[in-house]
Amino acid sequence: MSGMKIALGADHAGFELKDKIKDWLVEQGIEVRDEGTNSGESVDYPDYARKVGEDVAEKRADLGILVCGSGIGMSIAANKVPGVRAANVTSEYEAEMSRQHNDANVLALGARILREDEARKIVDKWLHSSFSAGRHQRRVDKIAAIEDKAAAER
């Protein structure tokens, strides 16, 4: 995983867990691009989801990790960025499947749902899983086609 670059983002509900994940990633030799937030002061999660999503879509980062209270809002917002396939994950199995079957490039976590040790295991499983391609490539291509069609209609 050395040489990998991860973009991180969180809102006020997720910043503490984001910082713990950041420390753990750095210990693993992974370069981190921290897009904030860095306090418990109320902020709007779409701003951070967009920053991380754009980092991934524009290749400033290989993958992205977002943390909010539930992971739901972050995943919805990040999926609005063209080229992002964000998955809100609550288990190691979902982490693995999101990478293997869906080629998820952004992971969303819920700080009010997951303990730190659970989140770390999910991140580790996600980072150590890779896209299986094969029949799954066809499906990911169809997702991209939906995105392309929506963009063309604007």
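**Pocket and salt bridges, reasoned through**

The largest pocket has a volume of about 330 Å³, in what is a predicted model.

User: Which residues line the largest pocket, and which element gives the most to the lining?

Analyst: There are 14 lining residues, and Asn79, Lys80, Val84, Ile143 and Glu147 lie nearest the centre of the pocket. Helix α6 (residues 135-152) gives the most to the lining, with five residues.

User: How do the lining residues divide into nonpolar, polar and charged?

Analyst: Eight are nonpolar, two are polar and four are charged. Among the residues nearest the centre is Lys80, and Lys belongs to the charged class by definition.

User: Thanks! Now the charges: what makes Lys18 and Asp34 a salt bridge?

Analyst: The closest N and O atoms of Lys18 and Asp34 are 2.9 Å apart. The cut-off is 4 Å between a Lys or Arg side-chain nitrogen and an Asp or Glu carboxyl oxygen, so the pair qualifies. The pair links distant parts of the chain, with Lys18 in helix α1 (residues 15-27) and Asp34 in strand β2 (residues 31-34), 16 residues apart.

User: Why is Lys18 called buried?

Analyst: Its relative accessible area is 0%, and buried means under 20%, so Lys18 is buried.

User: And why is Asp34 called partly exposed?

Analyst: Asp34 has a relative accessible area of 25%. That value falls between the 20% and 50% limits, so Asp34 counts as partly exposed.

User: How do you know that Glu116 and Lys20 form a salt bridge?

Analyst: Their closest N and O atoms are 3.7 Å apart, which is within 4 Å, so this pair counts too. Glu116 sits in helix α5 (residues 116-127) and Lys20 in helix α1, 96 residues apart, and the pair links distant parts of the chain.

User: What makes Glu116 and Lys20 partly exposed?

Analyst: Glu116 has a relative accessible area of 35%, and Lys20 is at 40%. Both values lie between 20% and 50%, therefore each residue is partly exposed.

User: Are Glu153 and Lys149 buried or exposed, and what makes them a salt bridge?

Analyst: Glu153 is exposed, as is Lys149. Their closest N and O atoms are 3.0 Å apart, so the pair meets the 4 Å cut-off.

User: Which residues do salt bridges with shared partners join into one network?

Analyst: That network holds Arg33, Glu35, Asp55, Glu58 and Arg60.

User: How many salt bridges does a search of the whole structure find?

Analyst: The search finds 16 salt bridges. In general, side chains of opposite charge can pair when their charged atoms come close.

Notes: Residues are numbered from 1 along each chain as its sequence is written. This is a predicted model: local features need pLDDT of at least 70, side-chain atom pairs count only at pLDDT 80 or more; totals for chains, interfaces and linings use all residues. Side-chain values use heavy atoms; hydrogens and water are left out. Helices (H or I, at least four residues) and strands (E, at least two) are DSSP runs, numbered from the N terminus. Buried means under 20% relative accessible area, exposed over 50%, partly exposed in between (1.4 Å probe, protein chains only). On a 1 Å grid over the protein atoms alone, a cavity is a set of points where a 1.4 Å probe fits but cannot get out, and a pocket is an open set with protein on both sides within 12 Å along at least five of seven lines; lining residues have an atom within 4 Å of a point. Grid points are joined across faces, edges and corners, and a volume is the space filled by probe spheres set on the points.
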